[in-house]
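Subject: Structure handover

Hi,

Here is the structure we talked about, with the sequence alongside. Have a look first, then read on for what turned up.

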Amino acid sequence: MPSARQVTWAKFRVAMAVMAAVAIFSVLLYLLTGGTLLTPKATAFTYIPDATALTSDSPVRVNGVDVGKVKGVALSGSNEPNRVVRITMQIEEEHLRDIPVDSFVQISTDNVVGDKYVDITRGRSPATIQRNSEIVFKEQSELLKTLDIAQFEERVRTVDATLDDIEQGRSELGKFVLHDDVYKDLLRYVGDFQKSLRAVANPSNSIGSMVYTDKLYRQIQEPVAELDASLAQLQSGQSEIGRLLRDDAQYTQLRDMIADLRKTVASLQSNQFLQSDQQYADWNRMLASFLQNADEVAASPMLATSEQYESWTGMAKEMRDGLQDLRKDPKKFLRLKLF
């Protein structure tokens, strides 16, 4: 019995194969529609007397150039002979500017088999049609007026050459039909993609370990658990911040301190020293008097010359020499004279 991992891997491979098939089908559908599948479309109308051989998806052309398709063919309910059938056309929005308002519609035959298409002949007006506009129908004067045999032969030769290229395998479509190279390439791409998925899904690498183990989950869970524990402590009031959040005593104390500080600042602002400059002026006068006394002392004769300094220096030297002699020979200075 396959394990749960093998079943999961098999489901994943089936899903990837389905996605690849859908992508290939989408690309083929886009190419088969001529690359106009996602082109914005606009709707226009015309009324004709008879819609024989004209069906939905019939081409809509402007002077021979495909610009859209017939979206719907229905009876209009009108009693006018030329407005019995209502044709709803789906035209590429970028081609609306190529259809002047005086253009007219004719139903032409696309080939000898009798397939018909809506042929819009351009007018000369500078104004162009808008969304949900009606283009006037004009009856053909001759049955085979728009049938170009040379053009038809050229198209037959082109179709024959295309079919021959497909039969010989010279074109990409022919290679796809006659050979299995495209299928082999697709299988090789799918195999390479499957190998890459297996390499990514290997539990031995970082991505595989995140997919098949709980390593990443634990790495995310641990910080979340720590954060949850911290929030629980805050909520229970176990930490300082928690007690601050649950008990407003600290907040009240802090508020009282701020109030006392505001009172102190207010008392300082009301102090005489800050309210007037009398004390500042007194200090300036005291400082000026001190500077003046210092200038007078500096200008005194005692400091103007070095004689007093030299005299004091000489006295200090004599005193120093006398003290040295006293320390060396105290008896010299302690002599008693007896009578």
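Which side chain does the side chain of Arg61 make a polar contact with? The partner is the side chain of Asp66, at 2.7 Å. A polar contact is a pair of N or O atoms within 3.5 Å; within protein, one must be able to donate a hydrogen and the other to accept it, and residues adjacent in sequence count only if both atoms are side-chain atoms.

Some housekeeping before the rest. This is a predicted model, where local features need pLDDT of at least 70, side-chain atom pairs count only at pLDDT 80 or more, and totals for chains, interfaces and linings use all residues. Residues are numbered from 1 along each chain as its sequence is written, and side-chain values use heavy atoms, with hydrogens and water left out.

How confident is the predictor? pLDDT is its confidence in each residue, from 0 to 100. The protein averages 77, and 75% of the residues score at least 70. Strand 4 (residues 85-92) has the highest confidence, at 93, while helix 11 (residues 301-304) has the lowest, at a mean of 62.

**Overall picture**

The protein has 12 helices and 8 strands. Both come from DSSP runs numbered from the N terminus: helices are H or I with at least four residues, strands are E with at least two. Of the 339 residues, 16% are buried. Buried means under 20% relative accessible area, exposed means over 50%, and partly exposed is in between (1.4 Å probe, protein chains only). Take the contacts between residues at least 6 apart in sequence: 55% of them join residues at least 24 apart. Contact here means heavy atoms within 4.5 Å.

**Back to Arg61**

Arg61 sits in strand 2 (residues 59-62). Its relative accessible area is 9%, so Arg61 counts as buried. Beyond its neighbours within four places in sequence, Arg61 is in contact with several residues, including Asp110, Tyr117 and Arg155. The pairing with Asp66 is also a salt bridge, with the closest N and O atoms 2.7 Å apart. That term means a side-chain nitrogen of Lys or Arg within 4 Å of a carboxyl oxygen of Asp or Glu. Asp66 itself is partly exposed, because its relative accessibility is 48%.

**The other salt bridges**

The search of the whole structure finds 3 salt bridges. Glu134 and Arg83 form one of them (2.8 Å, N to O). Glu134 lies in strand 7 (residues 133-134) and Arg83 in the loop between strand 3 (65-75) and strand 4, so this pair ties together parts that are 51 residues apart in sequence. Glu134 is partly exposed at 41%, and Arg83 is partly exposed at 26%.

Arg131 and Glu93 form another, with their closest N and O atoms 2.9 Å apart. Arg131 is in the loop between strand 6 (116-121) and strand 7, and Glu93 is in the loop between strand 4 and strand 5 (104-109), 38 residues apart.

Ile24, Leu28, Leu186 and Val190 make a nonpolar surface patch of about 280 Å². Patches are made of residues with over 30% relative accessible area and no salt bridge; like charges are joined within 9 Å, and nonpolar side chains (Val, Leu, Ile, Met, Phe, Trp, Tyr) within 5 Å. Helix 1 (4-32) and helix 4 (181-200) each supply at least two of the patch residues. Leu186, in helix 4, is partly exposed at 33% relative accessibility.

Cheers

Notes. Accessible areas come from the Shrake-Rupley method with a 1.4 Å probe; for residues, only the protein chains shown count as cover. pLDDT is the predictor's confidence in each residue, from 0 to 100.
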